[in-house]
Structure formats: C-alpha cells, structure tokens
Amino acid sequence: MSRAPKANETPLWWPMFSLPNVQVKFPIEVDGFALVAADDFRIKAIKEKQPRMGSFLKRFKTEFGDAVQPSTIIWRKGQPDTYRTISAISGFRDLVSMSVIPLGWAKVHRFGHVQGPLYSDTFAVYPWMVDNRGEGLITQTPSLFGQHVVKKLRGQTMAALSFHQLDRRDVDMLLLNELLKRWEQCFATDSPRVEDERLFRSLNMANAAAKLPAGADTNLYDVVRSAALWASAFEIL
C-alpha cells in the first residue's frame with residue numbers, strides 16, 4: 001500500500017497528465033499506473049511533497065467559472081520506465097475512452113437519452129503539468145515548448161463540452177479489464193508483440209474518430225471525416 005513520502009524522500013507517485021473534463025469516481029489502474037481523482041490518497045501524497053500540485057489542481061474551472069476537479073494519470077516509482085512514455089500514457093487514455101464512449105452511444109440508442117460521455121474529448125489531457133521538481137509548469141506540444149508559474153494558470157475545461165463524473169455504470173468494465181491486461185503486456189516491455197501494438201494503434205485511431213466532429217460549425221463533411229477515421233481504426237485491426 002502506498003504512503004505519503006517524508007520531506008526528505010523522493011515521491012513514490014509522479015503525476016503524468018491531468019484530465020480537466022472528467023472526474024473519475026473510482027481509480028482505473030494497473031500495478032504502478034492509474035487514473036485517479038483529485039481526492040485519491042496518492043494525489044494527497046504527491047501534494048504533501050509538491051504543494052504546487054495541489055495549487056495546480058485547484059485552478060480549473062468551466063468557461064462560466066464553475067470549479068472542477070480534474071482527474072490525473074499517475075506513475076509509481078519502481079515500475080517500468082516504458083510506462084512513462086507518451087505512447088503508454090496515450091494508450092492508457094485511449095483504452096479508458098474506448099471503454100466508455102461506445103457504451104454511452106449504445107445507451108443513447110437503447111434508452112433515447114444521454115447517460116455518460118459521448119465524445120472522447122472528455123478524456124483529453126491538459127497540455128500543462130507541474131514539472132518533475134514541483135516548482136512550476138511545463139508543456140511540450142507540436143507547436144510549443146514552454147514553462148510558466150502555477151499561480152498564473154487559469155485552467156479551463158473544453159468549452160461547450162459537458163464536464164462528467166465517471167462512475168462504474170458509465171464504463172464497459174469487462175472490456176476495460178481486458179484492455180488493461182493488454183496495456184500491461186504491451187507497455188511493460190521495449191519489444192511488444194505485433195498484435196499488441198496493432199491493438200493500441202487501432203484504439204488511438206478510434207479515440208480520434210470519437211472526438212467531437214467540430215464545434216458549433218459542424219457540417220456533413222466533419223461527420224464523414226469521423227466515419228472515415230472509424231473505418232481506419234477497424235482496418236488497423
């Protein structure tokens with residue numbers, strides 16, 4: 001069982017990315033890697049060692065100023081370094097997304113109303129995160145490498161996307177548990193099986209296909225593009 005580190009110790013858990021559009025009501029995890037809520041005991045341990053992490057998580061609101069509590073992907077020291085790669089982190093996000101979104105749409109068709117997230121943007125990672133020294137913020141995207149201070153951050157959920165609290169009833173638990181096994185199998189090694197790589201390439205494409213086609217300007221071409229991405233996801237398998 002994890003415990004909070006002492007002041008002179010290296011943290012046992014490290015934050016990877018936060019997801020401001022969703023609050024998980026239960027931890028989604030394998031040994032040493034997890035998606036957890038802001039009140040999880042492991043996040044509390046991180047905040048004791050890195051107080052700016054606590055400040056970071058408190059600085060998120062909707063576009064109308066309502067406070068939200070992001071979920072965070074975390075890694076435990078001593079587990080494979082391959083778990084910390086962007087491929088592994090996005091693969092974990094993708095498997096969670098694809099255990100939720102298709103089920104949400106199935107419920108819409110079955111019951112006629114929304115019951116849970118319907119678009120994978122709900123699981124988008126926030127580009128800024130507290131650095132590994134716990135001193136400030138850092139980001140690295142295809143268009144920006146940057147550093148800043150936590151107190152300047154005005155974190156926001158994605159505009160016009162509902163904030164969701166994710167409970168077990170919103171998740172295809174059978175699918176999730178099988179995908180978690182495959183994730184460990186794929187990313188605990190530097191030489192994953194071809195079948196596992198193919199699965200996570202497919203999940204990544206499916207996650208892209210499940211995003212909002214566009215915003216208030218969505219038209220037929222946007223929807224057709226999403227359909228083409230779904231076709232590609234199945235072709236990869």
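I started with contacts (heavy atoms within 4.5 Å). In the protein chain, 71% of the contacts with a separation of 6 or more are between residues 24 or more positions apart.

Before going on, I noted that this is a predicted model, where local features need pLDDT of at least 70, side-chain atom pairs count only at pLDDT 80 or more, and totals for chains, interfaces and linings use all residues. Numbering runs from 1 along each chain as its sequence is written, and side-chain values use heavy atoms, with hydrogens and water left out.

Next I looked up the secondary structure: the protein chain has 7 helices and 11 strands. These are DSSP runs numbered from the N terminus, with helices being H or I of at least four residues and strands E of at least two.

How many of the 237 residues count as buried? I got 46%, with buried meaning under 20% relative accessible area, exposed over 50% and partly exposed in between (1.4 Å probe, protein chains only).

Last, I picked one residue. Ala 214 sits in the loop between α6 (194-209) and α7 (220-236). Ala 214 counts as partly exposed because its relative accessibility is 23%. From Ala 214 to Ser 226 I noted 12 residues in sequence and 9.8 Å in space, C-alpha to C-alpha.
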